[in-house]
Structures are given as C-alpha cells and as structure tokens.
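Let's take a friendly walk through a protein fold, one piece at a time. Have a look at the picture before reading on.

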Amino acid sequence: MGDISDSADVGRFMRSPEGKKVLERFQQGLVGKRIADVQFQHNTAGVGIVLTFDDRDLLDLGEAAEAFSVETLRRRYMRILDREYYVDFPERRRDGR
C-alpha cells in the first residue's frame with residue numbers, strides 16, 4: 001500500500017472511538033510527568049532514546065513509535081480500520097449492508 005493508504009488508515013484509527021481511547025490513555029500516562037534522565041542506546045537501526053521520568057517510569061521512544069506505526073495499527077486494529085473504511089466508502093461493502 002502507498003502513502004495515501006497509510007495516511008488514511010492512521011486517520012481512521014485516530015477518529016475511531018477505540019483509537020481515541022488508546023491515544024487518550026497514552027496521553028494521560030505522560031501529561032504532568034517530568035523527564036529526569038535521557039539515555040541513548042546503540043541499536044543496529046540507529047540511536048535509541050529512553051526517557052526516565054521522575055517517578056522512575058521509563059519510555060522507550062522507539063517502542064512507542066512502533067506501537068503507533070501504521071503496520072502495528074493494521075495488525076492490532078484491523079477490525080476497527082475495516083469498519084472505518086466502510087464509513088468512508090459504504091458503496092464498496094460486499095455484504096450489502
């Protein structure tokens with residue numbers, strides 16, 4: 001799939017009630033925290049970045065980015081993306097609904 005398809009799926013996830021809930025929980029887990037430390041890791045694909053917050057929670061930025069990548073969204077939320085696709089294109093439904 002191309003860039004437009006990827007963008008459309010990300011938009012569908014973000015507008016869906018389920019996607020909004022997932023993003024809100026992620027946001028609530030970060031808002032108000034203070035970064036106490038930043039560590040860099042040597043990864044084969046580049047430099048990894050891990051944030052340590054003042055409450056000792058950690059956030060690996062690479063893992064966070066991967067969790068919200070279009071490939072992961074498609075794998076985890078395919079049913080939701082399909083449902084939202086047919087909101088955009090109801091005439092393409094094969095089941096006649």
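Two strands are said to pair if DSSP finds at least two bridges between them. Keep that in mind as we start with the strands of this predicted model. Strand E1 (residues 35-43) and strand E2 (residues 46-53) run antiparallel to each other, paired over eight bridges. One of these bridges links phenylalanine 40 to isoleucine 49 in E2. Follow the chain from E1 to E2 and you will pass two residues, which complete a hairpin.

E2 also has a partner in strand E3 (residues 58-60), again in the antiparallel sense, this time over three bridges. Here valine 50 has aspartate 60 of E3 as its bridge partner. The hairpin of E2 and E3 has four residues between the strands, and in it arginine 56 takes a positive phi near 75°.

Now for the helices. Helix H2 (residues 17-30) has 14 residues, and at 1.5 Å a residue it should span 20 Å; because its end C-alpha atoms are 20 Å apart, the two values agree. Just after H2 comes glycine 32, with a positive phi of about 90°.

Arginine 74 belongs to helix H4 (residues 70-76). Is arginine 74 buried or exposed? Its relative accessible area is 15%, and buried means under 20%, so arginine 74 counts as buried. Its side chain reaches the backbone oxygen of serine 5 at 3.5 Å.

Finally, look inside. In soluble globular proteins, nonpolar side chains tend to be buried together. In this model, the largest nonpolar core has six residues: Phe13, Val22, Leu73, Tyr77, Ile80 and Leu81. Beyond its close sequence neighbours, phenylalanine 13 touches several residues, including Gly19, Lys20, Leu23 and Phe68.

Technical notes:
Residues are numbered from 1 along each chain as its sequence is written. This is a predicted model: local features need pLDDT of at least 70, side-chain atom pairs count only at pLDDT 80 or more; totals for chains, interfaces and linings use all residues. Side-chain values use heavy atoms; hydrogens and water are left out. A nonpolar core is a set of buried Ala, Val, Leu, Ile, Met, Phe, Trp, Tyr and Cys residues joined through side-chain atoms within 4.5 Å. Buried means under 20% relative accessible area, exposed over 50%, partly exposed in between (1.4 Å probe, protein chains only). Contact means heavy atoms within 4.5 Å. A polar contact is a pair of N or O atoms within 3.5 Å; within protein, one must be able to donate a hydrogen and the other to accept it, and residues adjacent in sequence count only if both atoms are side-chain atoms. The expected span of a helix is 1.5 Å times one less than its number of residues. Lists of a residue's contacts leave out its neighbours within four places in sequence.
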